[in-house]
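Hi there,

Here is the structure I promised to pass on to you. Have a look at it first, and then read my notes below.

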Amino acid sequence: MKLTIEEIEHLARLANLGLAAQEKELYREQISSVLEYVAKLGEVDTSGVEPTAQVTGLVNVSREDVVHGSDPGTRDLLLNNMPERNGDLLKVPAVL
Amino acid sequence: MNNTPMTIIDAHEGLLQKRFSSRELVQGCLDRIAQANGKIHAFLEVFEDDALAMANAADRSIARGEELPLLAGIPIAMKDNVLIQGKKASAASKILEPYSASYDAFVTTKLRQAGAVFIGRTNMDEFAMGSSTENSAYGPTRNPWNTEKVPGGSSGGSAAAVASEMALAALGSDTGGSVRQPAALCGIVGLKPTYGRVSRSGLMAMASSFDQIGPLATTVADAKILFDAIAGKDEKDATTMEPPTSFSPLHRRGESKRGDPLSGLRIGVPKEYFIAGMDPGVEQAVRSAIDVFRKLGATITDVSLPHTDYGLAVYYVAQPAEVSANLARYDGIRYGARQAGKKLQDVYVESRGKGIGPEARRRIMLGTYVLSSGYYDAYYRKALQMRTLVRHDFDRVFESVDILLTPTSPSVAWNIGEKFSDPLTMYLSDIFTVSANVAGVPGISVPCGFSDGLPVGLQLMARSFGEETLFAAAGEYEKATEWHTKHPPHSP
């Protein structure tokens, strides 16, 4: 299952990942070889088998929809992580 | 800390008897780090001042004659993907180089409550993706037993720190083997708990249905102490649960003969785990261990887990799929390293392209592919169906045996750089560990010998919530052998 360069570029676009030109061929090889390996899953008949999304068997674990807020220390640490800020506002390039 | 590595239990007794202080204990680790970390590179950052402050707090508590929890004053190393409030945490990635944690992980809070001392954050494969710690954006960690070799991964820094006595124990994370495999390659104990036993709140998510935080330590008893301290239901992690009340921990059937510590214990050896291509030295050490278990009174049976061969394929479809979702948040917008861009799209693409390393990008793309329209059913849905079959294999086999015994890794530590260029070869080194994550069952690796001077690890697996059975079996094996007393020479 050999992917094409175009398919690699498409995946990179979907995932918002910058890829340098010289990396594309290497990823094409490596990802294709992994896909070849995992294709063995097709050997087993799984008709009628339920997929397992998670192994705990837990369902509908919920809590009350109540706002607790955070302490000022936590809030400051959070805001200090912003790469560019204007007061308490996060600065980003124009969205529209 | 010269001959046998000091254990948490030894240290606790020493503190109680006032033979030494927590400050001296912590300073001993700091001295050891100053001596060896330059070469071994287990730590990305050492919390020198804070560690001594935490040690002083423990010493004041001791002086006041307060009741001392087992972990009070004990230096613990924390993997770089576990949040400690106010401390940098980067998952060994460049995209999180400027990031500081705004809150404590659940396990961090639990260890704080127990009085533990955080000595530093340890190196790892970036975003926990890798089996050698060579994928760290900050340089590899070296195996303390032979510094030309890898320590394993992704918790290689934690394993190396414990093996070289830079900390008395450590926390790591295990998604496909990342606690057990480095423990095996570094000659120490590593536990992956039952999925759901330890909260993932404050652990940077890699693959959410596989991730578990687990302890690395020099003895089984120490690993249990850490596990007991961090396990528990957490309202911030909806996948956590306490063991069901109907479950009886020391699950043994059969008659107990007096004098045989493990009589009544039924051990299954799955034939699919003894494959061609495994290091003969590894196989030999594990088979010798089986003899020890036999002498301890356990019954050994050959069993089969027919879908073992597919476990790795399930893992390398479902895990990258979850990775692609979990790493979407690293976009340079709210936190982390942001690359400038004229348009918003450019910020995403440049920040992620420059800040996320090759292995993580590889897995993001793989995950994107298997989840994409047209391929979702053939790959992702298929993998989840196979996951059910793998899980059933384990459910079935645990009806007739109590624990499974396998090698942890098909080989001992390899040379840095040797497997790096072929990802698939690297993935194959997880072949014995992934099934436990796929099925959600607990697994522990304990040292069981050496091959070519390098440690060999033995893996025991139990049914979900069977940690106590693992500790009992592994503990008796440890008592009957001396592997846990070995440690690498002090000058790397």
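**Two helices in chain B**

In chain B, helix α9 (residues 308–326) packs against helix α11 (residues 358–371) at an angle of about 105°, and their axes lie 7 Å apart. Axes here are lines fitted to C-alpha atoms over the stretch in contact, with angles running from 0 to 180 degrees between N-to-C directions. Helices are DSSP runs of H or I with at least four residues, numbered from the N terminus. Because angles of 65 to 115 degrees count as roughly perpendicular, α9(B) is roughly perpendicular to α11(B).

Contact means heavy atoms within 4.5 Å. Among the residues that meet are Tyr316(B) and Val317(B) in α9(B), and Arg363(B) and Ile364(B) in α11(B).

**Where the chains meet**

Please keep in mind that this is a predicted model, where local features need pLDDT of at least 70, side-chain atom pairs need 80 or more, and totals for chains, interfaces and linings use all residues. Residues are numbered from 1 along each chain as its sequence is written, chains are lettered from A and ligands numbered from 1 in the order written, and side-chain values use heavy atoms, leaving out hydrogens and water.

Chain A has 50 residues in contact with 67 residues of chain B. The interface of the two chains holds 3 salt bridges (a side-chain nitrogen of Lys or Arg within 4 Å of a carboxyl oxygen of Asp or Glu). Glu84(A) and Arg338(B) form a salt bridge through their side chains, at 2.9 Å from N to O. On the side of chain A that touches chain B, α2(A) gives the largest share, 9 residues.

Happy exploring!

Note on methods: Angles under 35 degrees count as roughly parallel, over 145 as roughly antiparallel, 65 to 115 as roughly perpendicular and the rest as oblique.
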